[in-house]
Amino acid sequence: MAQTSTAFSARNAVVYISTDGSSWTNISGSSQSVTAGDGTRLTGTAHTFDGDGPIIAAGKLDAQESTIAILYTETSGEAYETARAAFVAASSTLYVRVDPLGATTGNFRHTTGKGVITAFPQFAEIDASSGDPMMIEFTVQHGGWTKSTVP
């Protein structure tokens, strides 16, 4: 196979979050990274008297954990305050949507199913010796990602 000539950077990626799966907030302007998490499939094994190895069966897909790194800001409507509000809500429900190459018609789009924010720091790590912008990471546990195309 010849070397690819269609590699991309994440410079045009668009990241959204939603508490209901239909009304989306674009948090790209205050987001740094999304780690999709590993998809795993449950498996089961059984041994028989005949043979030395197990019988292995495939089960359902397991839950995934995705991590989103965002800037710590105190501006209403930006990523931190929007995600924090979802976390402190009783349900902590959150959906995540990512357009890796931008929200251009025909590009791939990846959307989680209904998830729950399982970890959210109250505020960013504070380090007086650093000039870096303050960041936090939060974790969403969900049922996996669905791939589609941007309409």
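Strands β4 (residues 41–46) and β5 pair up antiparallel over 5 bridges, where pairing takes at least two DSSP bridges between two strands. Strands here are DSSP runs of E with at least two residues, helices are runs of H or I with at least four, and both are numbered from the N terminus.

Keep in mind that this is a predicted model, in which local features need pLDDT of at least 70 and side-chain atom pairs count only at pLDDT 80 or more, while totals for chains, interfaces and linings use all residues. Residues are numbered from 1 along each chain as its sequence is written, and side-chain values use heavy atoms, with hydrogens and water left out.

- Strand β7 (residues 93–99) is mostly covered, with 7 of its 7 residues buried.
- Both of its faces are covered: Thr93, Tyr95, Arg97 and Asp99 are buried on one side, and Leu94, Val96 and Val98 on the other.
- Strand β1 (residues 14–18) runs antiparallel to β7, and 5 bridges join the two.
- Within that pairing, Ile17 has Val96 of β7 as its bridge partner.
- β7 also pairs antiparallel with strand β8 (residues 108–112), over 2 bridges, and here Arg97 stands opposite Thr111.
- Strand β9 (residues 115–119) is joined to β7 by 2 bridges, again antiparallel, and Thr93 stands opposite Val116 of β9.

**Helix α1**

- In helix α1 (residues 79–88), the buried residues include Ala79, Tyr80, Ala83 and Ala86.
- They cover an arc of only 135° around the axis, which puts them on the same side of α1; the arc is that of the directions from the helix axis to the C-beta atoms.
- The buried residues of α1 pack against β1, β3 (31–35), β6 (64–71), β7, β9 and β10 (135–142), with contact meaning heavy atoms within 4.5 Å.

**Salt bridges**

- The count comes to 2 salt bridges, each being a side-chain nitrogen of Lys or Arg within 4 Å of a carboxyl oxygen of Asp or Glu.
- Arg84 forms one of them with Glu81, with the closest N and O atoms 3.1 Å apart.
- Both of these residues sit in α1, 3 residues apart, or about one turn of the helix.
- Arg84 counts as partly exposed at 25% relative accessibility, and Glu81 counts as partly exposed at 22%.
- Asp99 and Arg109 meet through their side chains in a salt bridge of 2.8 Å, N to O.
- Asp99 lies in β7 and Arg109 in β8, so the pair ties together parts that are 10 residues apart in sequence.
- Asp99 and Arg109 are both buried.

**Loop residues to look at**

- Ser92 sits in the loop between α1 and β7, and has a positive phi of about 55° although it is not a glycine.
- For background, most residues other than glycine have a negative phi.
- Ser92 counts as buried, at 9% relative accessibility.
- Ile27 is in the loop between β2 (25–26) and β3, and is buried, with a relative accessible area of 1%.
- Leaving aside neighbours within four places in sequence, Ile27 is in contact with Val15, Tyr16, Ile17, Ile68, Ile70 and Ala79.
- Ile27 and Thr82 are 55 residues apart in sequence and 8.8 Å apart in space, C-alpha to C-alpha.

**The largest pocket**

- The largest pocket holds about 230 Å³ of space; a pocket is an open set of points on a 1 Å grid over the protein atoms alone, where a 1.4 Å probe fits, with protein on both sides within 12 Å along at least five of seven lines.
- Grid points are joined across faces, edges and corners, and the volume is the space filled by probe spheres set on the points.
- 13 residues line this pocket, and Ala13, Val15, Ser33, Val34 and Val98 lie nearest its centre; a lining residue has an atom within 4 Å of a point.
- β3 gives the most to the lining, with 4 residues.

Methods. Buried < 20%, exposed > 50% of the residue type's maximum accessible area, 1.4 Å probe, protein only.
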